[in-house]
Amino acid sequence: MDLPVDEWKSYVFQKWSLLPKSIQVTISTAETLSDIFLHSSLLLQPEDEMFLKNLSRGYLVEKDPNAPLFYREEGNKKFQQKDYMGATVLYSKGISHSRPHTADISLCYGNRSAALFHLGQYEMCLKDIMRAQMHGYPERLQPKMLLRKAECLVALGRPQEASQTIRDLERSFAAGPTLAGAQFQILQRNLCRLKMKAEEKETLTETFPAALTKALEDMDVKEENGQIPNASSSVSLCTDPLRGRYLVATKDILPGELLVKEDAFVSVLHPGERPPLRLPESEWDTRVTNGDLYCHRCLVHTLAPVPCGGCSYAKYCSQDCMQQAWGLYHSVECSLGGLLLTLGVFCHIALRSTLLARPEDASRVVRKLCGEIRNKDPCSPESETWVQALTCDLGGEREERRKTREPPIPGCDLNGKYESNYNAVFHLLPHTENQSPEHRFLCALSVSALCRQLEAASCSEPTVARPAVLGSEVAVWGAAMLKHMLQLRCNAQAITTIQHTGSEENSVTNSRQVRLATGLFPVVSLLNHSCSPNTSVSFVSTVATVRASQQIGRGEEILHCYGPHRSRMGAAERRQKLRSQYFFDCSCPACRDEEHSAAAGPRWEAFCCTRCGALLQGDDVLTCGSMSCTESVSRGHLVSRLQDLQQQVGMAQKLLRNGKPERAIQLLSGCRRDAKSFLSGEHSLVGQMEDGLAQAYAASGDWQKSAAHLQKSLQVVEVQHGPSSVEMGHELFKLAQLFFNGFAIPEALNTIRKAEEVLMVHFGPWNDEIQELQKMKSCLLDLPPIPGGPSMQDPKVFFQ
């Protein structure tokens with residue numbers, strides 16, 4: 001969803017194809033972004049806006065008064081099935097459609113507090129109880145709510161508050177029962193039980209989770225860089241005509257050293273494959289998306305989001321986050337939710353970037369882009385307008401001194417300091433000349449439609465915040481947003497998170513990296529690409545951390561992988577991808593090595609001889625690499641067999657998801673036998689089979705067989721990604737779980753040590769998986785060394 005929805009793209013591309021050739025040439029040859037925007041905006045017709053408006057209506061982002069009852073009833077069904085997580089999400093959807101101080105919102109908050117209680121989320125449960133009461137929770141249901149509140153306080157070790165709540169509840173009983181006889185008696189029995197528990201826990205102390213705080217503390221950069229505030233003193237900013245801006249090491253850097261810690265200048269939550277669509281009448285969407293589970297401002301995972309008061313789409317982890325978002329940008333975006341979802345994440349980021357510009361930055365943009373309309377592109381350091389814009393606020397002798405000095409590196413201030421601010425964002429290259437005329441027209445027309453909607457909203461609703469630049473000159477505002485939208489193709493950073501999958505029946509978690517949001521990180525954008533980088537990037541909330549993934553020598557360039565890693569695709573495919581998206585031909589050492597290599601492809605994609613097992617070589621016809629073997633075979637025949645196997649492995653994975661491990665084992669075992677006859681033992685599909693068998697045996701509780709298959713999968717992972725890769729760290733974490741569950745203490749401790757060493761390099765000490773590994777290690781070290789001792793009765797306690 002980076003770009004607009006397919007329907008709008010097709011519409012705009014067709015409109016482009018029907019334009020007179022002269023107009024196409026005018027837009028294609030326009031020298032400035034202002035010219036592109038102005039020419040395109042003149043072509044936006046009322047029928048175009050109506051088509052876009054109709055598309056936007058397909059997204060249910062306003063509050064529907066009929067939705068809360070539907071979601072509450074659906075949530076109740078999940079609750080009765082003891083699917084408390086599913087119930088929580090559905091109650092949250094009901095809350096997002098409810099108006100304040102209504103029965104709908106109070107009941108949804110009350111029901112969600114019950115689901116959160118059963119999930120053990122006592123702090124969030126208490127907050128929802130408070131919200132339910134604030135919005136007028138029915139008096140007749142208050143006793144049940146107060147009892148739940150007291151239970152949470154007892155569980156959290158806050159007995160004084162629990163006792164006060166119990167006294168309040170007893171006073172309400174004395175005033176007269178509000179529930180039916182049987183329910184009242186059950187409530188009284190529970191109250192007696194709770195009073196005893198509260199007295200027993202009178203000495204408990206209050207506890208609060210602090211993992212996120214510790215994680216952020218760990219991420220502080222030591223010896224901060226004077227030139228780049230978000231970077232370590234171990235790096236320096238350089239520039240040259242070929243590489244542009246880049247970072248180099250000022251000293252020898254060890255693996256795991258933190259090099260950059262940067263909060264995104266701007267980020268937008270990714271709505272998923274498809275944001276919520278308006279379904280047929282009287283039906284609402286019950287799917288779970290990122291927007292239901294993560295804060296739309298800080299991207300923190302939350303089970304109890306606080307909704308925007310004006311729309312049903314934006315949700316936040318707290319009232320504070322909601323208010324900050326409203327003040328910074330959401331007051332403008334709130335009424336545009338459907339349009340922004342239709343126009344895509346890039347257009348949304350372009351708008352939000354300009355909204356986040358400080359007044360002084362906005363005025364500088366006006367000067368630069370107004371200068372662009374009169375002169376040439378001000379973004380090049382040679383532009384007279386660029387120099388004037390930077391020196392207009394200087395006075396007297398200082399201004400004269402600046403006039404004779406070479407301009408600083410683009411994005412830096414007059415003192416050569418590069419900060420993660422709007423000035424740095426504005427100087428990220430849009431690569432306008434490399435992007436196709438059709439793509440430029442799509443972006444310009446989309447921005448034009450957004451600008452018109454902004455103007456219309458500010459005219460019809462005077463209370464709607466009006467961006468400072470827009471009030472000065474629509475052409476300037478539109479050109480700035482167009483520039484940001486074009487910048488994102490090469491400079492957007494996918495903000496990812498590690499999601500763990502598992503079930504009540506399977507205590508071994510799988511982890512996968514998923515895209516959570518898209519953001520702009522001016523400092524991270526300075527890193528050039530390598531298909532085999534020397535850094536690793538991870539995220540906590542909106543903060544990106546860049547760590548050295550290997551030793552980096554003094555003077556070496558610090559490199560990041562833009563996506564096509566050497567472990568995932570061949571050099572030719574990588575180069576084509578980089579050329580099409582980033583407009584350069586990769587000549588990193590990994591690409592050069594593969595270019596001069598005689599191998600037909602990487603080992604994890606290799607076929608082997610059916611007769612002797614040696615690797616096959618060649619193009620259309622593969623021949624055995626063994627000198628004593630004359631076997632040859634068509635590549636097409638082997639590819640066909642490979643595709644058949646991939647289909648069967650996919651079927652086995654589906655069986656696993658549906659809780660049928662025995663059938664999955666049977667199917668995967670057959671696939672494994674077939675694969676041995678023509679696939680290399682290090683082929684990636686072989687690794688998938690071994691991993692699938694490990695999952696299936698783990699689901700069946702056979703930890704020994706599961707660990708044996710996962711160790712074979714690890715061999716493939718090591719060949720494909722390397723022994724110190726983040727992928728290897730995640731797999732070692734899984735293997736440690738298997739040994740732990742199987743009570744194989746020496747093997748578990750050894751694997752935990754290896755996993756910690758790898759994951760520490762990529763994530764630092766407060767990573768979730770490292771925390772789990774330390775819990776396992778502590779548990780195992782505290783056990784008495786009894787040979788053949790009993791296995792853990794409930795090993796799942798650490799992994800749910």
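Student: How many of the 16 residues of α28 are buried?

Tutor: Buried means under 20% relative accessible area, exposed means over 50%, and partly exposed lies in between, with a 1.4 Å probe and protein chains only. In α28, 12 of the 16 residues are buried, so the helix is largely enclosed by the rest of the structure. Among the buried residues are Leu685, Val686, Met689, Leu693 and Tyr697. This is a predicted model, in which local features need pLDDT of at least 70 and side-chain atom pairs count only at pLDDT 80 or more, while totals for chains, interfaces and linings use all residues. Residues are numbered from 1 along each chain as its sequence is written, and side-chain values use heavy atoms, with hydrogens and water left out.

Student: Which helices do the buried residues of α28 pack against?

Tutor: Contact means heavy atoms within 4.5 Å. The buried residues of α28 pack against α26 (635-657), α27 (661-676), α29 (703-721) and α30 (726-741). Helices (H or I, at least four residues) and strands (E, at least two) are DSSP runs, numbered from the N terminus.

Student: Where is a positive phi found in a residue other than glycine?

Tutor: Histidine 101 has one, near 55 degrees. Histidine 101 sits in the loop between α6 (84-96) and α7 (103-118), and its relative accessible area of 58% makes it exposed. Histidine 431 also has a positive phi, near 50 degrees. Its place is the loop between α20 (422-426) and α21.

Student: What is the order of the strands in the open sheet?

Tutor: Strands of a sheet pair through backbone hydrogen bonds, either parallel or antiparallel. Two strands count as paired if DSSP finds at least two bridges between them. Here 3 strands have the order β13-β14-β15, with antiparallel pairing. β13 (616-618) and β15 (632-634) stand at the edges with a single partner strand each, so one side of each has no neighbour in the sheet. On average, neighbouring strands of this sheet are turned by 35 degrees against each other, direction ignored.

Student: How many bridges join β14 to β15?

Tutor: There are 3 bridges between β14 and β15; in β15, serine 634 is the bridge partner of valine 621. β13 and β14 (residues 621-624) also pair over 3 bridges, and these two strands form a hairpin with 2 residues between them. Glutamine 617 has threonine 623 in β14 as its bridge partner.

Student: Which residues make up the covered face of β14?

Tutor: In a regular strand the side chains alternate between the two faces of the sheet. In β14 the covered face has Leu622 and Cys624, while Val621 and Thr623 are on the uncovered one. α26 lies across β13, β14 and β15, and runs at about 65 degrees to β15. Axes are lines fitted to C-alpha atoms, for helices over the stretch in contact, and angles run from 0 to 180 degrees between N-to-C directions.

Student: Which residues have the most contacts inside the largest nonpolar core?

Tutor: A nonpolar core is a set of buried Ala, Val, Leu, Ile, Met, Phe, Trp, Tyr and Cys residues joined through side-chain atoms within 4.5 Å. The largest core has 102 residues, and those with the most contacts inside it are Trp8, Leu351, Tyr418, Leu450 and Met481. Helix α21 (residues 437-460) gives the largest share of this core, 10 residues. Not counting residues up to four places away in sequence, leucine 450 touches Leu336, Leu339, Leu340, Leu343, Cys347, Leu351 and Met481. Apart from this core lies another, of 28 residues, including Met728 and Val758.

Student: Is threonine 165 buried or exposed?

Tutor: Threonine 165 is at 5% relative accessibility and counts as buried. Threonine 165 lies in helix α10 (residues 159-174). Its C-alpha atom is separated by 6.7 Å from that of leucine 146, 19 residues apart along the chain.
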